[in-house]
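Dear colleague,

Here is the structure I promised to pass on. Please have it open while you read the notes below.

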Amino acid sequence: CHSPSMSLSIFVSQTGNVARLNDGATSMIKETTTIEIGMAVNPGCAAWSPDALLFCVTGPDGTATSSTGTTWELHTDTPKDLRDMSFREDLGCFFAWSGTDKKFYVSGDGKDWIKLKNTPIPLDEVACLDYSADLGWYCAIGGTSKVAYFSKDLEHWVSTEVTNGAAIEMNSVKYMPNVGKYILMPKSGSYYYTFNASDWTSN
């Protein structure tokens, strides 16, 4: 993730190692260092808050924060296994869902997290969750299924059919603004699926 105010980018591995790249005022990399956070990090769960002026990462055992990307403070009393964590500019805070209870949490500082809703994602196994700012929809997929689940308020979820064939092992989903559709990739095979949120079925 990148901090425009400091011209600093960090790259975080799942083992908790950080590559810190400082480009100063130019595009040339002038500093490369490797730092250990001290905990494992979930894939893609690193973000910068322009409000709190700090980086946050989340993992199976809690969260960690840093204002520089060099020294990290661990927070083990936070919700565990926060996934798909990002900084939401529209909410002005970090946003994630927990793999432990499949509920949503927000935080302004990466340390103190508030449960956003009491309704969990209606899947036994969640493979991926994506949010479309254009549509205001959350899309969740998981397990072996034919459907994807959508919600606008994280309390009421509805399903839409992705395929009318055999159930597929869900892997990842992403909304593509240029085509106005969601793209779903299964865990195996060479096919991908495109769908939208226009045809609803009762959950």
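Is Ser98 buried or exposed? Ser98 is buried, with a relative accessible area of 2%. Bear in mind that this is a predicted model.

**Overall**

The protein has 20 strands and 0 helices. Of its 203 residues, 44% are buried. Take the contacts with a separation of 6 or more: 37% of them are between residues 24 or more positions apart. The accessible surface is about 10,400 Å². Carbon and sulfur atoms hold 49% of that surface.

**Confidence**

Mean pLDDT is 87 for the protein. A value of 70 or more is reached by 89% of the residues. Confidence is highest in strand β11, residues 104–107, at a mean of 98. It is lowest in strand β4, residues 31–36, at a mean of 67. Over residues 25–30, pLDDT stays under 50. The model has 6 contacts beyond four places in sequence for that stretch. Where pLDDT is low, the predicted coordinates should not be read in detail.

**Ser98 and Asp81**

Back to Ser98. It lies in strand β10, residues 93–98. A polar atom of the Ser98 side chain is 3.0 Å from the backbone nitrogen of Thr100. Leaving out residues up to four places away in sequence, Ser98 touches Lys80, Asp81, Leu82, Lys103 and Tyr105.

Asp81 has 13% relative accessibility, so it counts as buried, the cut-off being under 20%. Its side chain makes a polar contact of 2.7 Å with the side chain of Arg83. Beyond four places in sequence, Asp81 touches Asn42, Gly59, Pro60, Trp97, Ser98, Gly99 and Thr100.

**Aromatic rings**

There are 10 aromatic pairs in the structure. One of them joins Phe150 and Tyr182. The ring centres are 5.1 Å apart and the planes stand at 70°, so this pair is edge-to-face. Phe150 is in strand β16 (residues 147–151), while Tyr182 is in strand β19 (residues 181–186). The pair therefore ties together parts that are 32 residues apart in sequence. Phe150 is buried, at a relative accessible area of 0%. Tyr182 is buried too, at 1% relative accessibility.

Ring pairs also link Phe95, Phe104, Tyr131, Tyr138 and Trp157 into a cluster. Look at Arg88 here. Its charged end sits over the ring of Phe95, 4.8 Å from the ring centre. Arg88 also lies over the face of Tyr131, 3.9 Å from that ring centre.

**Ile183**

Which strand holds Ile183? Ile183 lies in strand β19. Not counting residues up to four places away in sequence, Ile183 touches Ser172, Val173, Lys174, Met176, Tyr192, Tyr193 and Thr194.

**Loops**

Two residues deserve a check of the backbone. Most residues other than glycine have a negative phi. Leu53 has a positive phi, near 55°. It is found in the loop between β5 (46–49) and β6 (54–59). Leu53 is partly exposed, with a relative accessible area of 47%. Lys102 is not a glycine either, and its phi is positive at about 60°. Lys102 lies in the loop between β10 and β11.

Last, Ala127. It is in the loop between β12 (113–115) and β13 (128–132). At 30% relative accessibility, Ala127 is partly exposed. How far apart in space are Ala127 and Asn171, C-alpha to C-alpha? They are 5.5 Å apart in space and 44 residues apart in sequence. Asn171 is also among the residues Ala127 touches beyond four places in sequence.

Best regards

Definitions and conventions. Residues are numbered from 1 along each chain as its sequence is written. This is a predicted model: local features need pLDDT of at least 70, side-chain atom pairs count only at pLDDT 80 or more; totals for chains, interfaces and linings use all residues. Side-chain values use heavy atoms; hydrogens and water are left out. Helices (H or I, at least four residues) and strands (E, at least two) are DSSP runs, numbered from the N terminus. Buried means under 20% relative accessible area, exposed over 50%, partly exposed in between (1.4 Å probe, protein chains only). Contact means heavy atoms within 4.5 Å. Accessible areas come from the Shrake-Rupley method with a 1.4 Å probe; for residues, only the protein chains shown count as cover. Rings of Phe, Tyr and Trp (its six-membered ring) pair if their centres lie within 6.5 Å; planes under 30 degrees apart count as stacked, over 60 as edge-to-face and the rest as tilted. A charge sits over a ring if NZ of Lys or CZ of Arg is within 6 Å of the ring centre and within 35 degrees of the ring normal. pLDDT is the predictor's confidence in each residue, from 0 to 100. A polar contact is a pair of N or O atoms within 3.5 Å; within protein, one must be able to donate a hydrogen and the other to accept it, and residues adjacent in sequence count only if both atoms are side-chain atoms.
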